[in-house]
Structure formats: structure tokens, C-alpha cells
Amino acid sequence: MHAFLHVRLVVASLVVSGALAPVAAQPAPPTAPGTAGGAAAVLTTSPIIDGHNDLPWEMRQRARYDFDRIDIAAPQPQLMTDLPRLRQGHVGGQFWSVYVPAELQGDAAVSATLEQIDAVHEMVRRYPDRFVLARTADDVERAMATGKIASMMGVEGGHSIDSSIATLRMLHRLGAGYMTLTHSRNVPWADSTSDDPKLGGISAFGEEVVREMNRLGMLVDLSHTSPETMADAIRVSRAPVIFSHSNARAVCDVPRNVPDAILRQVAGNGGIVMVTFVPGFVSQDAANYSRRAQAQSQLLQSQFGADKAGLDAALKAWRTTNPEPRATLAQVADHIDHIRKVAGIDHIGLGGDFDGITSVVQGLEHVGTYPALIAELGRRGYSSDDLAKISGRNILRVMRGAEATAATLRSTAPSLKTIEDVDHVTRRGQPLPPVR
Ligand SMILES: [Zn+2]
């Protein structure tokens with residue numbers, strides 16, 4: 001990678017300096033935006049920095065984290081991520097999700113998160129020529145300059161800290177660069193977008209969590225949160241926020257996507273929406289289909305009861321007569337167009353959610369496919385500069401913004417507040433017993 005990059009830069013500088021023979025006779029280099037060559041040229045200087053990849057959870061489920069059993073140095077078609085395809089995709093930075101299911105609570109959530117973090121450290125140790133741990137934007141740029149993939153981590157859901165700010169600090173110390181405030185369920189201090197609203201946003205303790213993340217320089221991730229949580233967090237945060245894997249609600253109306261009013265606030269905050277390739281968040285038809293499929297599955301479950309084989313056969317028959325509509329790469333580009341229109345080109349990134357999805361967007365099936373999206377945007381008139389912002393420069397700016405905020409808060413002491421003190425509830429959100 002390093003040698004390849006070097007050769008490219010030399011060739012590019014020869015072309016620029018006109019050292020290559022007669023001007024008029026030269027055909028235009030095949031690097032115009034919109035061509036494969038154009039995408040490769042952008043991504044060679046500004047590699048993809050992706051906001052969300054669930055490889056650690058896949059490795060847990062499929063191989064108990066054993067990279068001998070699934071060696072990602074070799075092609076692994078049962079996964080969406082492996083080293084050959086990361087190279088093909090020009091990936092230079094990755095926030096590895098250290099997701100654990102929201103069904104896990106308390107210590108079980110914390111220890112499973114630690115196991116996920118351990119797996120990322122092990123992956124970096126195991127493939128030292130391809131991965132290096134990164135904390136800061138400078139770390140990322142240093143890694144990319146040597147042709148390695150800057151490896152960061154994102155905690156996906158506040159359940160991973162069990163309502164404990166000290167636990168948040170320790171996850172950050174172990175390498176977590178962002179935390180999504182909630183996953184699919186509310187946490188005692190913040191509402192999720194896929195649960196019944198309880199707080200109408202974030203609680204006073206939730207605000208304290210956001211302030212501590214600002215102090216640490218940890219990015220506040222608002223994917224999965226309710227619009228009220230988004231607005232509260234943007235109001236409280238002194239640093240740019242991120243959406244590590246979310247799309248535009250005006251293009252695909254599902255609760256997981258970002259409403260226009262919030263997109264405008266993200267612009268004011270200096271943050272970023274990292275567009276995701278989850279079919280049900282990309283295409284309205286796919287979203288409607290998954291709602292229908294879920295309803296059908298519930299109906300059939302009630303009909304078949306304990307008859308598992310009968311249920312499976314009926315579900316299969318339903319899916320055969322009701323095939324899933326395919327979400328397309330062009331529709332992903334439509335989300336990017338919309339976010340550019342509402343928030344601006346400086347507030348767009350990519351967060352594919354590869355290996356966290358059960359179906360894929362046509363044309364964006366794995367981590368090797370990012371260049372096809374960059375080429376599509378080039379065809380739509382995005383300049384090389386625009387494309388470089390989307391591929392990685394915007395998230396680097398956001399990281400630097402969070403680092404600058406943390407620098408101004410360096411003399412502030414760590415928060416020792418507890419949810420019991422601030423919100424008068426237990427760590428699970430139950431009312432405290434009356435004091436006698
Ligand atoms: Zn997610």
C-alpha cells in the first residue's frame with residue numbers, strides 16, 4: 001500500500017508539473033470525478049474512514065473471537081469484512097463497533113463490552129501490518145500515511161456503562177472513541193428512538209454523561225436515539241456530535257433516520273451524519289417491507305405456536321410470494337444529496353454498518369464497494385474536494401473539534417456524580433427507596 005501510494009503521488013506530480021511530453025497530444029487522464037479512476041484517485045489521498053462496522057460481534061458469534069478459525073487475511077465470503085476487501089475499498093480508518101445487545105444489562109453488558117474491546121485489541125495485535133490503534137485525528141493520518149487502517153472503537157449504547165461515569169471513563173481509556181447514547185432500548189438517562197419515550201430526551205444525569213464525554217474528547221453518537229435525545233444532546237454538547245450510522249428521514253421515513261430539523265442543528269453544531277447502508281433505512285419500499293414481514297411473522301407465530309417447522313415453512317412461503325424489494329446504491333446517494341442540501345457538504349460521512357446487517361444494498365455488499373459509491377457521487381457532480389470530505393476529511397475535522405473541546409476542559413475535574421444523586425433513580429432507572 002505504501003509503495004503503491006508513493007508511485008501514484010510521483011505520477012500525479014509529474015502530470016501536474018507537465019513533465020510528461022506534449023500537452024495537446026495527451027488524452028485526459030481517466031481520473032475525472034464519476035469514473036472508477038476518479039474514485040480511486042480521491043480515495044488514494046483521502047481513504048474511507050467509516051463510522052460503524054460490526055465485525056467484532058460477528059467474530060464473537062461465529063468464531064468465539066478466534067482469528068485462527070476465521071482468518072481475515074484470507075477472503076471470508078461469509079463476512080462483509082476482510083483484509084483483501086478493506087484494501088479494495090480503500091478503507092484507511094474504521095470505528096469498530098464494540099456493540100453488545102441492549103438485552104444485556106448491568107455488569108453483563110459491561111463485561112461483554114470489555115470482551116468486544118479486547119477482540120479489537122487482539123485483531124490489531126494479530127494483523128500489525130494492516131491495523132494500528134488510533135485515538136486522535138493525528139493518529140488516523142499517521143496510520144493512513146503508512147498504508148495501515150486506523151482502528152478506533154465505538155461503544156453502541158449507554159447500557160454498556162451501566163449508568164456509571166467512571167465506567168465510561170475506563171471504556172474511553174481502553175480506546176473507545178465514541179459512545180452511542182442508546183441502542184434499541186431506552187437507558188435510564190436517555191430515550192431510544194425504538195422504545196416508548198420515557199424521559200422526552202435525556203435526563204440531568206444524561207447531560208452529565210454528555211459533559212463528561214466532552215471533557216474526555218469522546219464523540220457523542222446520536223444514531224439510535226430519539227429526536228428529543230438528539231436535540232438535547234446537541235444543546236448540551238460543547239463538541240461536534242456524530243451519527244455513526246444513520247440516514248435522512250425525509251428520504252426514508254423510519255425512526256432510525258435523522259429528521260431535517262435535526263440535520264440543520266447538526267450543521268450548526270459542526271457535527272456529521274455518517275450515511276449507512278442498512279436496506280431498511282435506505283429505501284422506503286424496503287422499510288415498508290420489513291414492517292410487513294414483521295407483522296406477518298407475528299401473525300404466523302400466533303397461528304403455529306410450538307410448531308417450529310410449520311412456522312418456518314409458512315414464513316418461507318410468504319417470503320417467496322413477497323420478495324424483499326432491493327435497496328440500491330443510487331438510493332444511498334439520494335440520502336447524501338439530501339443531507340448536502342439541508343445540512344451541507346461538511347456534515348456528511350459514511351458508516352456502512354457492514355457485518356451488522358442481515359441484507360445488503362445492491363452495489364454496496366461489502367467493504368470493498370465504497371469506491372462505487374464515490375464514483376456515483378462523482379457522476380452526480382460532486383467535486384474531488386466534496387468527495388474527500390465525505391470519504392474521511394469531515395470526520396477528521398469532527399474528531400479535531402472534539403479534541404479541541406477536551407483541551408479547553410483539561411483543568412476540569414472528572415465528574416463523580418451518580419445517577420442516584422442526580423436523577424434520584426437506581427442504575428436501572430427504578431425509583432430510589434424513600435430515605436428514613
Ligand atoms: Zn446500530
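In which hand of crossing does α2 pass α16? The crossing is right-handed, a term used where the near helix is turned clockwise from the far one by less than a right angle, left-handed being the anticlockwise case. The model is a predicted one, in which local features need pLDDT of at least 70 and side-chain atom pairs count only at pLDDT 80 or more, while totals for chains, interfaces and linings use all residues. Residue numbers start from 1 along each chain as its sequence is written.

**Helix packing**

Two packed helices are described by the angle between their axes and the distance between the axes. Helices here are DSSP runs of H or I with at least four residues, strands are runs of E with at least two, and both are numbered from the N terminus. Axes are lines fitted to C-alpha atoms, for helices over the stretch in contact, and angles run from 0 to 180 degrees between N-to-C directions.

Helix α2 spans residues 36-45 and packs against helix α16, residues 384-408, at an angle of about 55 degrees, with the axes 9 Å apart. The two helices are therefore oblique to each other; angles under 35 degrees count as roughly parallel, over 145 as roughly antiparallel, 65 to 115 as roughly perpendicular and the rest as oblique. On the α2 side the contact involves V42, L43 and T45, and on the α16 side S384, L387, A388 and S391, where contact requires C-beta atoms, placed from the backbone, to lie within 7 Å. By class, this contact has four nonpolar, three polar and no charged residues. Ala, Val, Leu, Ile, Met, Phe, Trp, Tyr, Cys and Pro count as nonpolar, Asp, Glu, Lys and Arg as charged, and the others, Gly among them, as polar.

Helix α2 also packs against helix α15, residues 370-379, at about 110 degrees, with the axes 8 Å apart. That angle makes α2 roughly perpendicular to α15. The crossing of α2 and α15 is right-handed. From α2 the contact draws on A36, G38, A39, A40, V42 and L43, and from α15 on P371, I374, A375 and G378. Eight of the residues in this contact are nonpolar, two are polar and none is charged.

**Strands**

Strand β4, residues 149-156, is largely enclosed by the rest of the structure, because eight of its eight residues are buried. A residue is buried if 20 or more other C-beta atoms, placed from the backbone, lie within 10 Å of its own, exposed if 12 or fewer do, and partly exposed in between. Both faces of β4 are covered: one side carries I149, S151, M153 and V155, and the other A150, M152, G154 and E156. Strand β1, residues 48-53, is mostly covered, with six of its six residues buried.

Pairing of two strands requires that DSSP find at least two bridges between them. Strand β2, residues 91-97, runs parallel to β4 and is joined to it by five bridges. Strand β3, residues 131-133, pairs with β4 in the parallel sense over three bridges. Strand β1 is joined to β2 by four bridges, and this pair also runs parallel. The table gives one bridge partner for each pairing.

| Residue | Bridge partner |
|---|---|
| Q94 | S151 in β4 |
| V132 | A150 in β4 |

**Single residues**

Most residues other than glycine have a negative phi, and most peptide bonds are trans. Y65, in the loop between α3 and α4 (83-88), has a positive phi near 65 degrees. With 18 other C-beta atoms within 10 Å, Y65 is partly exposed. D353 lies in the loop between β9 and α15, and its phi is likewise positive, near 65 degrees. D353 counts as buried, with 23 C-beta neighbours inside 10 Å.

R62 belongs to helix α3, residues 55-63, and is partly exposed with 15 C-beta neighbours inside 10 Å. Between R62 and L79, which are 17 residues apart in sequence, the C-alpha to C-alpha distance is 9.8 Å.

I345 occupies the loop between α14 (329-342) and β9 (348-350). This residue is partly exposed, with 17 other C-beta atoms within 10 Å. Leaving aside residues up to four places away in sequence, I345 touches R340, D386 and K389. The C-alpha atoms of I345 and K198 are separated by 34 Å, the two residues being 147 residues apart along the chain.

Note on methods:
Contact = placed C-beta atoms within 7 Å.
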